[in-house]
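Colleague: I would like to learn to read a sheet and a helix. Please take me through one case.

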Amino acid sequence: MTLQQLYNEKGTQFKLSLLAGQKGLHRNVTKIYYLEDLLISDWTRDGELIVTTAMMNTKEPDWILKFVKSVQPFHPCGIMINIGGYLEEVPANVIEYCDQVDLPLFSFPWEVILQDLISDITVYIFETEQLENNISKAFFNAIFTPDNRDEYETCLEKYQFDQYDTFFSAIFDINSNDLQRRRLTMRLKNLFHDAVLIQHLRETILVFCQSDSNDIANSIAGELNEWQILFPNTSVRVGIGSPVCHYQDITNSYQKAKLSLSIAKNTNKSLVSFSNLGILGILATGEKQLLQSYYDQTLTPLEEYDQAHDTAYINTLENYIFCNCDAGAAAEKLFIHRNTLNYRLRKISDITGDNLSEQDVIFRYHLAFLIKKCL
């Protein structure tokens, strides 16, 4: 559940006023946390909604600004301040700071009973989480046990997913410690709050409904660039599946996302979308045994020569082909002289018995190297 949803549902009931941080209303709410003491501000956890009466502000005039700045590093989703008792109004410098960091800041009047607000919002968060968990479980079953329709159809039709005509999945493989993995998952929930989140083993799966896969891919790519800066020791690979027209077929999109993720790992890319794979996508969906046989038949002789003579002719040929047989470009990419490249190409022809100037030979090797990315 996002803070925007909570504000829409409970704002009038508890007379909430949004003072700052409107750009952060997309953040997900995990729970409500009552806090008055700066000394335990580091107990704050990702996604918590902080509630305070600012009672300590009577002893220290700048306390409320220090309070807000002390919890910000722990990624709360927002802050609610009770005014009219210990604090007559929220200071302008607090509002300015929250706007700077896009931290949603609310006030509510002293007449609102604090216990009622905390209790009511806690129940609402719990009920909303239960609903989200039910939908997540239903899509999990649709992906992994698609033949057991009783396990997901009733739930998804109840929430009108049968009215949608576009679904696709994305798989995130996050190689990090548990704390950073939770933070990255929370960032995903904040960024794609309309998507359905599923955790399966080490996979984080997002199911998108009525979204454009190219737009989502661009958004994910931008987020991955930020992650590289914020979490430099974390490795993330993403595979995006092709769109399907009904939730009953979401398992097909998941399988395509799985293939895309495998290609991302094999090609050392952070993100691969199945829709953009072209012939590589066709190869990836082929029979693995047949693809392996073609690869072995085409490239094994050269691989065996490399192993026996400590050479790198496979790498030379692959770079030459993927540089569109441009000897100058391939030599530059390999950091060798063009004459050295030409010598290696002649050696490759001697070893394989193939004429690398023939188009069908180049196509055969090109196909084998594409298959390599799928295996």
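Modeller: Start with pairing: two strands pair if DSSP finds at least two bridges between them. Helices (H or I, at least four residues) and strands (E, at least two) are DSSP runs, numbered from the N terminus. This is a predicted model: local features need pLDDT of at least 70, side-chain atom pairs count only at pLDDT 80 or more, and totals for chains, interfaces and linings use all residues. Residues are numbered from 1 along each chain as its sequence is written, and side-chain values use heavy atoms, with hydrogens and water left out.

Colleague: In what sense do E2 and strand E3 pair?

Modeller: Parallel, over 4 bridges; E3 covers residues 48-52. Ile32 stands opposite Leu49 in E3.

Colleague: In what order do the 5 strands of the open sheet run?

Modeller: The order is E1-E5-E4-E3-E2, with mixed pairing. Strand E1 (17-20) and strand E2 (31-34) are at the edges with a single partner strand each, so one side of each has no neighbour in the sheet.

Colleague: Now the helix. Where does H10 kink?

Modeller: The bend at a residue is the angle between axes fitted to the seven residues ending there and the seven starting there. In H10 a kink of about 55 degrees lies at Leu299, shortly before the proline Pro301.

Colleague: Which residues of H10 are buried?

Modeller: Buried means under 20% relative accessible area (1.4 Å probe, protein chains only). In H10, Leu291, Tyr295, Thr298, Leu299, Thr300, Leu302 and Asp306 are buried.

Colleague: What follows H10?

Modeller: Asp310, with a positive phi near 55 degrees.

Definitions and conventions
Buried means under 20% relative accessible area, exposed over 50%, partly exposed in between (1.4 Å probe, protein chains only).
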